Amino acid sequence: QVHLVESGGGSVQAGGSLTLSCVASGFTQRPYRMSWFRQDSGQEREGVALIATPDTTRYAASVIGRFPISRDNSENIVSLKMNGLKLEDTATYYCAADVRRGFQTTRAGGPVASDYSNWGQGTQVIVSP
């Protein structure tokens, strides 16, 4: 059973930082891609950042330069360092992974939700004024 577990969410004041982590387990094949998405109440799920073997990254324009994504050598753990948090970053953040090599990006530059077969349960980030 594939399992993705996010951690690191919480409440922070605008301008602060949080680091999200996601641990993947149960994959028979190594996940080629791991990504972060976010979704706020009443909004579409937004692709935030992607990392593909070995170190290809893509970012949504809204987070580029603020939210670097990284992956450990096992390629089963992905982190998102969120710096300079803004009110509009408030959302539930989801980790996603897929073993397939090909991927798309949104017009904003981030990952596409339909490219992912495996999802975590989400971790909430609340940015306060």
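Rings of Phe, Tyr and Trp (its six-membered ring) pair if their centres lie within 6.5 Å. All views below show a predicted model.

**View 1. Aromatic pairs, with Phe37 and Tyr116 in the close-up.** A search of the whole structure finds 3 aromatic pairs. In one of them, the ring centres of Phe37 and Tyr116 are 5.4 Å apart and the planes meet at 75 degrees, so this pair is edge-to-face. Phe37 belongs to strand β4 (residues 33–39), whereas Tyr116 is in the loop between β9 and β10 (118–119), so the contact ties together parts 79 residues apart in sequence. Phe37 counts as buried, with a relative accessibility of 0%. Tyr116 also counts as buried, at 6%.

**View 2. The aromatic pair of Phe37 and Trp119.** The two rings are tilted, with 50 degrees between the planes and 4.8 Å from centre to centre. This pair links distant parts of the chain, since Phe37 lies in strand β4 and Trp119 in strand β10, 82 residues apart. Trp119 is partly exposed, and its relative accessible area is 28%. Phe37, by contrast, counts as buried at 0% relative accessibility.

**View 3. The cluster of Phe37, Tyr116 and Trp119.** Ring pairs link these three residues into a cluster. Phe37 pairs with Tyr116 in an edge-to-face arrangement and with Trp119 in a tilted one. Tyr116 is buried, while Trp119 is partly exposed.

**View 4. Arg45 over the rings of Tyr94 and Trp119.** The charged end of Arg45 sits over the ring of Tyr94, at 4.0 Å from the ring centre. Arg45 also lies over the face of Trp119, where the distance to the ring centre is 4.9 Å. Trp119 is the residue that forms the tilted pair with Phe37, and Trp119 is a member of the aromatic cluster.

**View 5. The disulfide between Cys22 and Cys95.** The structure holds 1 disulfide. Cys22 and Cys95 are joined with an S to S distance of 2.1 Å. This pair links distant parts of the chain: Cys22 is in strand β3 (residues 18–25) and Cys95 in strand β9 (residues 91–98), 73 residues apart. The torsion about the S-S bond of Cys22 and Cys95 is about -80 degrees, so the disulfide is left-handed. Cys22 counts as buried because its relative accessibility is 0%, and Cys95 counts as buried at 0% as well.

How values were computed:
Residues numbered from 1 in each chain as written. Predicted model: local features only at pLDDT ≥ 70, side-chain atom pairs only at ≥ 80, totals over all residues. Heavy atoms only, no water. Disulfide = S-S within 2.5 Å. Helix = DSSP H or I, 4+ residues; strand = E, 2+ residues; numbered from the N terminus. Buried < 20%, exposed > 50% of the residue type's maximum accessible area, 1.4 Å probe, protein only. Phe/Tyr/Trp six-rings, centres within 6.5 Å; stacked < 30°, edge-to-face > 60°. Lys NZ or Arg CZ within 6 Å of the ring centre and 35° of its normal.
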